[in-house]
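Subject: Handover of a structure and findings

Dear colleague,

Please find below the structure that I am handing over to you. I would be grateful if you could look through it before reading my account of what was found.

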Amino acid sequence: MLPMDRIRALLLEHDDPRHLERPADFDLSSSRECFARLVSALKERFGPSCSWGLAQDASFYGVINAPAEATGLGRPVRAVMSNFGSYFVTAEVVVGEGAPSGEAGLTQEFMTWLDNVCTAAGCTFVPADLLREPYDGPSVLEAHRDEELVAALVAAGELAEDEDDEEVGRAYWNDRYFEYM
């Protein structure tokens with residue numbers, strides 16, 4: 001796996017505030033091929049019960065889900081491929097109502113395997129923990145708009161300043177490369 005500081009540099013390097021959903025040089029054909037290789041690798045590992053889907057109005061290309069029964073972890077696993085960075089890829093264990101828990105529960109062996117799959121497919125594996133770091137790139141994301149909304153609600157007297165949630169206005173790298181825009 002690439003060193004974390006190198007992955008952080010790649011995340012920042014590929015952040016283009018004029019193109020939130022996909023880069024200006026997005027290549028649908030190579031994206032399709034890369035995602036197909038990832039789907040194939042995950043189906044080979046977890047079996048035909050894996051499902052996948054493509055995204056629209058999002059900064060990610062698609063999602064691959066492996067059900068709990070197939071993962072051996074007792075929980076489903078989700079792998080997501082971004083439209084950016086020669087295809088950033090991340091994976092998380094899913095808990096509860098489909099909410100990601102991060103890498104808690106993913107084995108080091110699985111993350112090494114996925115990193116090798118990504119390298120062979122021309123992708124960059126990005127650990128989920130890194131994606132939970134505060135976003136400091138140039139793009140204006142939905143979370144930033146939330147901050148403006150809260151400020152307007154406070155100014156209008158609809159919300160007291162002390163009710164301000166500390167998460168409002170806070171964006172994370174996951175918001176940039178693996179969310180709906």
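The findings are set out below, from the whole protein to single residues.

Please note at the outset that this is a predicted model.

**Overall composition**

The secondary structure of the protein comprises seven helices and six strands. Read from the N terminus, the order of these elements is α-α-β-β-α-β-β-β-α-β-α-α-α. The protein has 181 residues, of which 41% are buried. Its exposed surface comes to about 9,700 Å², with 50% supplied by carbon and sulfur atoms. When contacts between residues at least 6 apart in sequence are considered, 61% of them join residues at least 24 apart.

Strand β1 covers residues 51-54, and its pairing with β2 is antiparallel, over four bridges. Together β1 and β2 form a hairpin with five residues between them. Within that turn, Asp57 has a positive phi of about 55 degrees.

Strand β2, residues 60-66, is also joined to strand β3, residues 77-82. Six bridges connect β2 and β3, and the two run antiparallel. Val63 has Val80 of β3 as its bridge partner. Asn65 deserves attention on both sides: Ser51 has Asn65 as its bridge partner in β2, while Arg78 in β3 stands opposite Asn65.

How far are these strands covered? In β2, six of the seven residues are buried, so the strand is mostly covered. In β3, five of the six residues are buried, and the strand is therefore largely enclosed by the rest of the structure.

**The loop between β3 and β4**

Strand β4 covers residues 88-95, and Ser86 lies in the loop between β3 and β4. Tyr87 is found in the loop between β3 and β4 as well. Ser86 has a positive phi, near 50 degrees, in a residue other than glycine. Tyr87 is not a glycine either, yet its phi is positive at about 75 degrees.

Are Ser86 and Tyr87 buried or partly exposed? Ser86 has a relative accessibility of 48% and so counts as partly exposed. Tyr87, at 11% relative accessibility, counts as buried because it falls under the 20% limit.

**Phe88**

Phe88 belongs to strand β4. Its relative accessible area is 0%, so Phe88 is buried. Which residues does Phe88 contact, leaving aside its neighbours within four places in sequence? They are Leu10, Leu11, His14, Val80, Met81, Ser82, Thr124, Val126, Tyr177 and Phe178. Val80 in this list is the β3 residue that bridges to Val63. Leu10 is 78 residues away from Phe88 along the chain, and the C-alpha atoms of the two are separated by 9.3 Å.

**The largest pocket**

The largest pocket holds about 210 Å³ of space. It is lined by 13 residues, and those closest to its centre are Pro23, Asp25, Asn83, Gly85 and Ser86.

Yours sincerely

Definitions and conventions: Residues numbered from 1 in each chain as written. Predicted model: local features only at pLDDT ≥ 70, side-chain atom pairs only at ≥ 80, totals over all residues. Heavy atoms only, no water. Buried < 20%, exposed > 50% of the residue type's maximum accessible area, 1.4 Å probe, protein only. Pairing = 2+ DSSP bridges. Contact = heavy atoms within 4.5 Å. Areas by Shrake-Rupley, 256 points an atom, 1.4 Å probe, with all protein chains shown as cover. 1 Å grid on protein atoms, 1.4 Å probe; cavity = no way out; pocket = protein on both sides within 12 Å on 5 of 7 lines; lining within 4 Å. Points joined across faces, edges and corners; volume = space filled by probe spheres on them.
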